[in-house]
Amino acid sequence: MSDLVLAPLVDYGFMRTGLLAALIVGGCCALLSCLLVVRGRSLLGDAVSHSVLLGVVIGYLVGGEFGILPGAMLVAAVSGAAISFVARRTPLEAETAMGVVFTPLFALGLAIISVVQPRGIDLFHVLFGNVLGVSPSDVWLTGVAAGLVVAVVLVGFRAFELWSFDPVLAACMGMRTGAMDHLFTALLSAAIVAALKTVGLVLVVAMLILPGATAALVCRRLATMMALAVAVGMGSGVVGLYGSYHLDVASGPAIVLAASGAFVVVLLLAPRSGLLTGRWTHWRLRTHRNGAVGGTSPTTDPLGTDQVSDATIRASSEHT
Amino acid sequence: MISDALTPVIRTQGLTAHYRSLLALEDVTFTVRPGMRVGVIGPNGAGKSTMLRCLMGLIQPTRGEVEVLGRTPRRARRHVGFLPQRQEVDLTFPARVRDVVGMGRYPHRGPIGRTRPDDRDAVERAMAHVAIDHLASTPLSELSGGQQQRTFLARALAQDTDLLIMDEPYANVDATTCAMIDRVLISLRSAGRTAVVVDHQLDRVQERYDQVLVLNTVLHHDGTPDTATEASVLKRAYAGSALIIDGDQRVMPA
């Protein structure tokens, strides 16, 4: 076991930096995924991540490595503002507005790369990530971007909770909800930049949905949902990284597949609402009930029995 | 207390406002004194929600003036409690009753402030006021419609404001909750606080309110519930929509 887990870390420096990066990215994206999921805006992550390509390219051309984060945040903020402008001023739905804005920005980013062919940007790695090629200086960029996201979300937790749940009331209470929208887009872009080297622009979308979606299946408070999502995000970072190392799979897909695995497991086995556990409880209560009463067989009165066991399940779940 | 008995809680003068590009309110002038329970009635699309939005500073009037608690609506809105229509809220959001009621303390706490003992007291008091304290740890999504409405009412009470604005609190709730809202309105009045309530139950305005505004883009009536529910007033305001008027001149929407 220790050969599988510890040996790679001891032997290879890139595994140590890769693991650190995967943990940071998994946790930071998971935090934002909760807000995206509870707001029903999961595809905003998709839109922002595609626009970020343009920011990465422009930032890199202007300021090298250090220009990437400001460039990405700037273009993300512009795309966020453009999305809300299109959604407000045209009859188009929000989803369409996102599509109208992010596809040209993505295309422009690709176009610039094809013309300039900057040395420091490997398109395949930017799109799909290469966690094992993360250098210690990349970890710094990842750490700063992710630290920014986590600090803002945790410090402003109450504000984000109210803004997600009831934006109208939030506005009534004097919150500048438009500014919150922009702040959130900026945080998204920072998280995406943090994830650039590990999972890449395309697959980061998965890390901005799956952990929050997994936690939403079982959690009944935003705070606990965030805690579970962060655990899922970090866990899939670790599992995916080792999977990538041992099975020789690209790291980005491995991490995303690990997160999808977590989602499926929770979907099937969640304590109260899981597809399998729910069936199991249903079946157990029904057989228990039939045995205890010793009479009503499903063949003579299937409808009645079902109704009774449904009611029992509901009653029992209220106590848990 | 910000308001005393002399300053009006709400004062509008020639208020005209558009919702999207439609004229929703035209030349609406009225005054509300402290401690009044004000009912706002009128058919669907009469501009009731637009008026509430003007009072809360969410919509800028096209013409005219609005003053809330002696200042502009935008400056006053930290001091105005709000109960939104239930269907406008995402009821599957992961939050317990206590979390939702706690959101009412946001203006007191600020975006990054910690919860203080008086925030906690206000939340507990508000939950007890509408008899949901035993549900404090229940998730919002597992409550009945009436319990959800009482949770939002408790959140508005936890805001601890001199003016409370409620958008159709009586819609689709059980009798217990209706009675609870009635009692809350009475206790607000005895505390000298003001409530503005959009209501569709015309047969109940007599017992619920001290002042009734009958609205259909223009203000058709501003007065006591008795005069507001006179057949002639309602016929004008509800022109086109059918009314059933019984022998006592009491009116119900058809």
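## Where the two chains meet

Let's start with the charged links: chain B and chain A share three salt bridges. Keep in mind that this is a predicted model. One salt bridge joins R220(A) to E142(B), and the closest N and O atoms of that pair sit 2.9 Å apart.

What about the rest of the interface? The size of an interface is often given as the accessible area lost when the parts come together. Here, about 2,400 Å² is buried between chain B and chain A, and carbon and sulfur atoms give 64% of that area. On the chain B side, the residues that lose the most area to chain A are F93(B), P94(B) and Y106(B), which together make up 26% of what that side buries. If you'd rather count residues, 30 from chain B are in contact with 23 from chain A.

## Two helices inside chain B

Now for a pair of helices. Two packed helices are described by the angle between their axes and the distance between the axes. In chain B, helix α6 covers residues 145-158 and helix α7 covers residues 175-190. They pack at an angle of about 15°, and their axes are 9 Å apart. Angles under 35 degrees count as roughly parallel, so α6(B) and α7(B) are roughly parallel to each other. The crossing of α6(B) past α7(B) is left-handed.

## Who touches whom

Which residues of α6(B) meet α7(B)? They are G146(B), Q149(B), R150(B), L153(B) and L157(B). Facing them in α7(B) are T176(B), T177(B), M180(B), I181(B), V184(B) and L188(B). Sorted by class, this contact has six nonpolar residues, four polar ones and one charged.

Methods: Residues numbered from 1 in each chain as written. Chains lettered and ligands numbered in written order. Predicted model: local features only at pLDDT ≥ 70, side-chain atom pairs only at ≥ 80, totals over all residues. Heavy atoms only, no water. Axes fitted to C-alpha atoms, helices over the stretch in contact; angles between N-to-C directions. Helix = DSSP H or I, 4+ residues; strand = E, 2+ residues; numbered from the N terminus. Parallel < 35°, antiparallel > 145°, perpendicular 65-115°, else oblique. Left-handed = near helix turned anticlockwise from the far one by under 90°. Contact = heavy atoms within 4.5 Å. Nonpolar A, V, L, I, M, F, W, Y, C, P; charged D, E, K, R; others polar. Buried area = accessible area lost by both parts, 1.4 Å probe. Salt bridge = Lys/Arg side-chain N within 4 Å of Asp/Glu carboxyl O.
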